Amino acid sequence: GGGHGGGHGTGEGNGSGYGDGSGDGTGTGEAAHEPFDTEGFRQAIEANKVYPPMATRRRLEGYATIESTIETSGAISSVSAVDSTDSLFAQAAVAAAYAVGSYPNPTGETMHVTTTVRFELIE
């Protein structure tokens with residue numbers, strides 16, 4: 001937007017003044033999109049997590065950090081492990097993310113979501 005204005009004033013003690021101005025502006029934009037529910041996606045992965053039997057037998061605990069690509073349609077198009085304490089956990093976390101199938105993506109763009117999945121034995 002822009003504007004123009006001018007003014008002048010005189011006075012002694014009290015004062016008087018005059019001014020005027022005009023302006024206009026234009027803009028374009030897209031409809032607002034919702035943010036991606038990263039925590040909800042993590043919970044969906046947790047719900048599909050299967051503790052690796054070999055890790056259970058070996059009494060292993062740990063984590064795996066994965067990166068998932070979620071298309072605008074919600075389809076999970078790729079998942080890869082970026083860090084893990086054991087390859088068993090990396091494989092299980094990737095499998096759990098794919099098992100989610102699809103997840104709502106209201107952002108209007110492809111999302112790359114990093115999730116850490118914890119594997120802890122329950123006594």
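**View 1. Phe36 and its contacts in the predicted model**. Here we look at Phe36, leaving out residues up to four places away in sequence. With those set aside, Phe36 touches Phe41 and Ile70, then Tyr103, Pro104, Asn105 and Thr107, and also Met111 and Val113.

**View 2. The largest nonpolar core, with its 25 residues**. Two or more core residues come from each of helix H1 (38-47), strand E3 (62-70), strand E4 (76-84), helix H3 (87-100) and strand E5. H3 gives the most, with eight residues.

**View 3. The buried residues of helix H1**. Have a look along H1 for Gly40, Phe41, Ala44 and Ile45, the buried residues of this helix. These four lie on the same side of H1, because the arc they cover around the axis is only 145°. Their packing partners are E3, E4, H3 and E5.

**View 4. Thr115 in strand E5**. E5 spans residues 111-119, and Thr115 is found within this strand. Is Thr115 buried or exposed? Its relative accessibility is 2%, so Thr115 counts as buried. Beyond its neighbours within four places in sequence, Thr115 is in contact with Phe41, Arg42 and Ile45, and with Ala64, Thr65 and Ile66.

Technical notes. Residues are numbered from 1 along each chain as its sequence is written. This is a predicted model: local features need pLDDT of at least 70, side-chain atom pairs count only at pLDDT 80 or more; totals for chains, interfaces and linings use all residues. Side-chain values use heavy atoms; hydrogens and water are left out. Buried means under 20% relative accessible area, exposed over 50%, partly exposed in between (1.4 Å probe, protein chains only). Contact means heavy atoms within 4.5 Å. A nonpolar core is a set of buried Ala, Val, Leu, Ile, Met, Phe, Trp, Tyr and Cys residues joined through side-chain atoms within 4.5 Å. The arc is that of the directions from the helix axis to the C-beta atoms.
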